Amino acid sequence: MSLVVLEDLSLTLGTKTIVANLDLRIGAGERIGLVGPNGSGKTSLLRLIAGQQQPDGGRVRRRVGLRVGYLPQDIAITSTAGLKEFVLASVPGKAALDDDIKATEAELAEVSADPRREDDALECAARLAELHDQQTHFDLFFTEHEATRILSGLGFQTSDLERSIAEFSGGWKMRAVLAALLFQRPDLLLLDEPTNHLDMPSVAWFGAFLKRYKGAFILICHDREFLNEQIARVVTFEPEGVRSYQGDYEQYRKQRAEEEVILRNKSRNLAREREKAEEFIDRFRAKASKASAVQSRIKALERMEEVHEYETRRVMRFRFPACERAGNEVLRAEGLARRYGERTVFEGLDLRVQRGEKIAIIGANGAGKTTLLRILAGELESSAGAVERGHNTTFAYYAQHHAEKLHPKLSIYDEVASENRDLTMTQIRTLLGSFLFSDDDVEKKTSVLSGGERARVALAKMLAAPGNVMLMDEPTNHLDLESSESLAEALVSYDGTLLFVSHNRSFVRRLATRIWDMEGGTLSTYPGTLDEYLEFERRRREGEGTPTDGPMGGRPPEAPALAAAERRPAKGTREEEKERKRREAEERKRVRVVVDLERRVGELDGKITEAQDAQKRRGEAIDGPEAQADADVRFRLIAEYQNGHEALEALLAEWMEASEALERERERLGVE
C-alpha cells in the first residue's frame with residue numbers, strides 16, 4: 001500500500017531545476033536512503049513530501065489520515081515547556097484534547113451549579129467521560145515511560161527531564177525534536193541528517209530503534225555504515241535525474257557501476273554500427289545498383305537510437321600535500337583540566353601524541369571532546385596543566401564554528417586566499433576546483449552559501465595551510481556522503497598527525513589508529529582500531545575479561561615487563577626452577593630485541609631526516625638559475641632527485657617495517 005505518491009512532479013528554485021516529471025511511490029514500511037551531492041535537492045524533496053513546499057507542477061497524493069514526522073537540519077523552537085512535557089505534548093491532537101478536557105470541566109462546573117440545567121450537566125458529563133476515554137487511549141499508547149526511555153537513549157539525563165527546552169543548546173534541542181518524533185511513531189519519518197548532533201552511543205541507540213521501527217522512513221545521512229545498516233532502497237539524485245535502486249548503499253553503488261559499464265559498451269557498439277553504416281553510404285551513394293541498399297542504410301541510421309553514457313557526477317577530490325617532518329613526539333599535555341565555574345569538564349589528563357598517529361576522540365556529548373580539542377589547538381585556555389608542542393610542529397584546526405564564521409562580505413576566493421598569502425591565483429583556483437568551486441562560483445559571497453558549501457570552504461582554507469598536525473572537530477557534518485568519503489580518502493594518505501572528533505563510525509573506522517574515549521571527566525586511551533575498541537568494550541561490559549585483557553594490554557604500570565627479569569619467585573621444584581629460568585631467558589631476549597629495534601628506528605629516523613634535507617636542496621637547485629640556464633645540469637639534477645626519491649622511499653619502508661616490529665615486541669612485553 002502506498003503512503004505517498006508523487007505524480008509528474010516538477011520543482012524549480014531560481015534557475016535550478018530540482019526535479020522534473022518525477023514519479024515516485026513510497027510504500028508502507030519502506031526504508032529508503034536519499035542520496036545525492038549537497039545542493040542536489042534532497043532536502044527540497046523531503047519538504048515536498050512533508051507538504052512544507054509546493055511543487056511547480058504535478059501533485060503529491062498522501063494516504064488519507066497519513067501521519068508524517070519531519071526532522072529538518074535546522075529548527076526553531078519557541079516553546080518554554082519542560083523537556084518531558086515537550087515530548088509528551090508533541091503527539092498530534094494531544095494538546096487539543098487537553099484543552100477540550102479543561103474547557104469541558106469548566107463548563108460542567110458552571111452548569112452543575114444551576115439546578116435548572118440538569119440535562120445540560122448530564123450531556124456535559126457524558127462528553128467529558130468520552131474525552132477522558134480518548135485521553136486514556138493516548139496514555140496507553142504514548143506513556144511517560146516511553147518518552148523517558150527515548151530521551152535517555154538520545155543522551156538526556158534524568159535531571160534534564162524537567163528543564164525548560166529553552167535552556168538547551170541547538171544540538172540538544174535537535175535531539176529533543178528527534179525524541180518527540182520517535183515518540184509520536186508516525187507512519188512516515190522524514191529524517192534529514194539525524195545523526196549530525198548525536199554522539200556515538202546515541203547513534204548506536206538510534207540505529208537500534210530504527211531497526212525495530214515498523215513505520216516507513218526516508219533517511220539522509222553522510223555516515224555510510226549507518227545508512228547501509230538501515231535502508232533497503234536508495235533514491236538518488238543523478239545527473240540524468242532522480243533514480244531508484246533496490247538494496248542498501250553498497251548494492252546501489254554496484255548496480256550503478258554495472259549500468260555505466262553496460263551503457264558504455266552499448267554506446268561503443270552503436271557508434272561502430274553507425275560508423276559502418278555511414279561508410280557504406282559514402283562508398284556506394286553514387287552507384288545505381290546499390291541505391292536500394294543505400295536507402296535502406298540511411299533509414300536504419302535515422303532509426304538508430306541515441307545512447308548517452310551517464311554523466312560522471314563531480315565529487316570533491318583532493319590530496320593533502322607532503323608536510324614537513326616533525327619530531328617523534330608532536331604533542332604532550334600534563335595535568336590538563338578545564339572547569340566552568342563549579343563544573344569540572346575534565347581534570348588530570350596526561351596525553352602523549354606520536355608523529356603519524358591518527359587519533360579518534362569519542363564519547364558522549366558533553367564529555368569534553370570539543371573542549372579538549374580547542375585547548376590542544378590553542379583556542380581555549382586550560383584551567384590547569386600545560387600543553388607542550390613538539391619540535392618542528394605546525395598546527396591546523398578545523399571546527400564546525402569555523403564554517404559558521406566565514407566573513408559574510410568576502411568571496412569564496414578571498415576567504416581562502418586570506419589563509420595563505422603565498423599562494424598564486426592559479427593555485428587558489430586549482431585548490432577551489434578540487435572542492436567543486438569553479439569559474440564564477442569562486443566569486444560568490446560566503447553569506448549565500450549552504451551549510452555543505454561553507455564546510456567545503458573551511459576545508460579548503462585548511463588545505464591552503466594544512467600544517468603537519470591537524471585537529472578536526474566533526475569534519476563530516478554538513479558534507480554529503482561522497483564528500484565525507486573523499487575527505488577520509490585524503491586523510492588516509494595524509495603523512496602528518498591527526499586528532500579528530502567524530503561520531504561517524506565509517507569515518508572513524510577508516511582512519512583511527514588509536515582511540516581516546518572521554519567519559520566522566522577522564523580519558524582512556526586504546527591503541528588500535530575502532531573495531532578493537534568496540535570489542536574490548538563489549539567484553540568489559542559483559543564481564544568476559546578485565547581491562548588488562550583488552551587493547552591496552554600488558555601489566556599494570558607498577559610492574560613493568562622490562563623489570564620482570566629482575567624479579568625472582570620463591571624457590572620451587574627443579575622443574576619449576578628450569579621453567580622459571582627458561583621464561584626469564586626468553587624475556588631477556590625480547591628485551592634485547594626491543595633495545596635493538598629502538599636503536600634501529602632511531603638510526604633510520606636520522607637517515608630519513610638527512611635524505612629529506614638533501615631532497616629539499618636538490619629541489620631548490622632544480623628551480624635555481626643554473627639549472628634553468630643549462631639543460632645538462634637540469635637533467636643531471638632531476639636524475640639525482642629521482643634517485644634520491646627512490647632511496648628515501650626505501651628508507652621510509654624500512655623505517656615503517658622496523659617501527660611495526662618494535663610496536664609488536666613492545667605489545668608482547670606489555671610496555672608502551
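What volume does the second largest cavity have? In this predicted model, the second largest cavity has a volume of about 60 Å³.

**First stop: the second largest cavity.** Select Leu71, Pro72, Gln73, Met174, Asp192, Glu193, Pro194, Asn196, His197 and His478, which together form the lining of this cavity. By class, the lining of the second largest cavity comprises 4 nonpolar, 4 polar and 2 charged residues.

**Second stop: the largest cavity.** To locate the largest cavity, select Val35, Gly36, Lys42, Asp480 and Leu481, which lie nearest its centre among the 14 lining residues. Next, display β3 (31–35) and α16 (481–492), each of which supplies at least two residues of that lining.

Select residues 144–153 for helix α5 and residues 170–184 for helix α6; their axes come within 9 Å and cross at roughly 140°. The two helices, α5 and α6, are therefore oblique to each other. The crossing in which α5 passes α6 is right-handed. To inspect the contact, show the side chains of Glu146, Ala147, Ile150 and Leu151 on α5, together with Ala179, Leu182 and Phe183 on α6. The contact of α5 with α6 consists of 6 nonpolar residues and 1 charged residue, with no polar residues.

Terms used
Residues are numbered from 1 along each chain as its sequence is written. This is a predicted model: local features need pLDDT of at least 70, side-chain atom pairs count only at pLDDT 80 or more; totals for chains, interfaces and linings use all residues. Side-chain values use heavy atoms; hydrogens and water are left out. On a 1 Å grid over the protein atoms alone, a cavity is a set of points where a 1.4 Å probe fits but cannot get out, and a pocket is an open set with protein on both sides within 12 Å along at least five of seven lines; lining residues have an atom within 4 Å of a point. Helices (H or I, at least four residues) and strands (E, at least two) are DSSP runs, numbered from the N terminus. Grid points are joined across faces, edges and corners, and a volume is the space filled by probe spheres set on the points. Ala, Val, Leu, Ile, Met, Phe, Trp, Tyr, Cys and Pro count as nonpolar, Asp, Glu, Lys and Arg as charged, and the others, Gly among them, as polar. Axes are lines fitted to C-alpha atoms, for helices over the stretch in contact, and angles run from 0 to 180 degrees between N-to-C directions. Angles under 35 degrees count as roughly parallel, over 145 as roughly antiparallel, 65 to 115 as roughly perpendicular and the rest as oblique. A crossing is left-handed if the near helix is turned anticlockwise from the far one by less than a right angle, and right-handed if clockwise. Contact means heavy atoms within 4.5 Å.
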